[in-house]
Amino acid sequence: MKPKRWGMIVDQRRCIGCHSCTVACKSENNVPLGYWRSWVKGLQKGDFPKVGNMFLRRLCNQCDSPPCVQVCPVQATVRRPEDGVVVMYYGKCIGCGMCIAACPYDARFFNPIRKTADKCDFCASRIENGLEPACVEACVSKALIFGDVDDPKSEIFNILAAVPTSVIKPELGTKPKVFYIQADHSLKGRIQFSEDFKEAIIDYRKSIPSPDATYWETRDQK
């Protein structure tokens with residue numbers, strides 16, 4: 001049987017920022033309070049009264065060339081050859097945090113209950129049983145499209161062929177399999193500083209999955 005390559009499209013034209021995907025993810029995967037496997041980043045643009053609300057769903061990008069796999073010293077993180085999903089073997093993880101630091105998408109966190117790194121795996125147990133990830137099933141506006149990106153009969157294959165999409169940080173060569181339709185460029189960055197530097201840091205801490213992490217700070221910011 002030909003291997004699959006599971007991927008996801010986030011259609012920003014349909015996303016209403018309701019966070020149903022975030023709630024479904026936490027419930028399905030028993031994510032501890034205060035931590036997230038996926039989340040919705042929000043931003044307001046413009047000046048009153050012409051103000052727009054922008055949203056961007058963030059999650060593990062399920063890279064074809066994942067930096068987290070390359071740095072794991074105990075092979076607790078692997079990219080499955082049968083479907084391209086990057087999964088964690090929690091029994092192997094020693095909690096060193098190398099994968100958390102290596103991920104350019106801030107998609108990993110240290111699970112304080114499990115005492116290991118943690119992240120989205122497209123709800124691996126669900127897709128192994130023919131189901132869609134919990135976030136896709138919960139999305140009320142059908143903004144999330146999941147499927148085999150190499151299957152010409154799949155919806156995601158045909159959308160990728162017909163509609164312009166983008167990925168986050170393509171210049172890194174990680175080859176993400178989470179694609180965005182009309183994602184606002186200002187929402188794609190890892191961190192952005194405003195003129196009020198301290199305020200930007202506080203806001204960023206609120207948005208990342210592991211709020212106690214400091215690996216992303218430079219020496220001057222700590």
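**Surface, cavities and cysteines**

Guide: This is a predicted model. The accessible surface of the protein comes to about 11800 Å², and carbon and sulfur atoms account for 54% of that surface.

Visitor: How many helices and strands does the protein have?

Guide: There are seven helices and nine strands. Of the 222 residues, 47% count as buried.

Visitor: How many cavities of 30 Å³ or more does the structure hold?

Guide: A cavity is a space where a probe fits but cannot get out. The structure holds five cavities of 30 Å³ or more, and the largest cavity has a volume of about 110 Å³. Of the 14 residues that line this largest cavity, Cys15, Cys18, Cys21, Cys139 and Ser141 are the closest to its centre. Sorted by class, the lining comprises nine nonpolar, four polar and one charged residues.

Visitor: How many disulfides does a search of the whole structure find?

Guide: A disulfide is a pair of cysteine sulfur atoms within 2.5 Å. The search of the whole structure finds zero disulfides. For Cys15, the nearest cysteine sulfur is that of Cys21, 6.6 Å away.

Visitor: Is Cys93 buried or exposed?

Guide: Buried means under 20% relative accessible area. Cys93 is buried because its relative accessible area is 17%. Cys15, at 22% relative accessibility, counts as partly exposed.

Technical notes
Residues are numbered from 1 along each chain as its sequence is written. This is a predicted model: local features need pLDDT of at least 70, side-chain atom pairs count only at pLDDT 80 or more; totals for chains, interfaces and linings use all residues. Side-chain values use heavy atoms; hydrogens and water are left out. Helices (H or I, at least four residues) and strands (E, at least two) are DSSP runs, numbered from the N terminus. Buried means under 20% relative accessible area, exposed over 50%, partly exposed in between (1.4 Å probe, protein chains only). Accessible areas come from the Shrake-Rupley method with a 1.4 Å probe; for residues, only the protein chains shown count as cover. On a 1 Å grid over the protein atoms alone, a cavity is a set of points where a 1.4 Å probe fits but cannot get out, and a pocket is an open set with protein on both sides within 12 Å along at least five of seven lines; lining residues have an atom within 4 Å of a point. Grid points are joined across faces, edges and corners, and a volume is the space filled by probe spheres set on the points. Ala, Val, Leu, Ile, Met, Phe, Trp, Tyr, Cys and Pro count as nonpolar, Asp, Glu, Lys and Arg as charged, and the others, Gly among them, as polar.
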